[in-house]
Amino acid sequence: MLLHSYAPHDFDELARLAPAGFSAVLRVRRGRATHIENCFAPNWRDTYARKSYFLRDPAIGWALSHDGVACWNSLAARDPNGVIADAQAHGMAHGITVATGDAETRSFCGLARADRPFTEAERHRALDIIERLHEGAPAAIELTAAQCEALRLMASGERHVRAAGIIGISASALKARLKSARAALGARTTAEAVHAAQMRGMI
């Protein structure tokens, strides 16, 4: 979805392992990731972004300091904000997070199923894929200051005409900035671009 230099079969395999969706965050360093592949359902992505779950998700907290595989249910005691329960309410009854890296650079992936728990073989396979992607991650994406400004306004809930007025440009110029930001991030929608930029610490 984001950087097409990745072998698509890796993400295809993660999708097969996780029919209820997955989100891979690769090479997080100083709060920024070089690549995010978010294939969860749009309603969960919107909820996750709206409630700022990235800052509260116990699976991400675990992934930033552990290697291996963790079942989401095992992290429920560390979840005072109810992120895991909300994920289950969105159809992700069974989830795991796999993580790898070192103290400076981390990669991790959350995977979900609605039908059954992940098998031991599936857990190991997901970890193998993330370890390989971690080693082969490309350079970070960069956005211009103008693109970031446009995305920040969209993130704050502004409409196109008002956001354009705040910046002092036309609505069509604002839409052009958003279009170029979507292209740079490989995002299909502005909401997806906002989420990707937020997870990278760009806005």
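Reader: Which residues have the most contacts inside the largest nonpolar core?

Author: In soluble globular proteins, nonpolar side chains tend to be buried together. A nonpolar core here is a set of buried Ala, Val, Leu, Ile, Met, Phe, Trp, Tyr and Cys residues joined through side-chain atoms within 4.5 Å; buried means under 20% relative accessible area, exposed over 50%, with partly exposed in between (1.4 Å probe, protein chains only). In this structure the largest core has 23 residues, and Val 25, Trp 44, Trp 72, Met 92 and Phe 108 have the most contacts inside it. This is a predicted model, where local features need pLDDT of at least 70, side-chain atom pairs count only at pLDDT 80 or more, and totals for chains, interfaces and linings use all residues. Residues are numbered from 1 along each chain as its sequence is written, and side-chain values use heavy atoms, leaving out hydrogens and water.

Reader: Which residues of helix H8 are buried?

Author: Helices (H or I, at least four residues) are DSSP runs, numbered from the N terminus. An α-helix has 3.6 residues a turn, so residues three or four places apart point the same way. In H8, Leu 174, Leu 178, Ala 181 and Leu 185 are buried. They line one face of the helix, because they fall within an arc of 60° seen down its axis (the arc of the directions from the helix axis to the C-beta atoms).

Reader: What does the face turned away from the buried side of H8 carry?

Author: That face carries exposed residues: Ser 172, Lys 179 and Ala 183. Just after H8, Gly 186 takes a positive phi of about 70°.

Reader: Is His 195 buried or exposed?

Author: His 195, in helix H9 (residues 190-199), is buried, with a relative accessible area of 9%.

Definitions and conventions: Helices (H or I, at least four residues) and strands (E, at least two) are DSSP runs, numbered from the N terminus.
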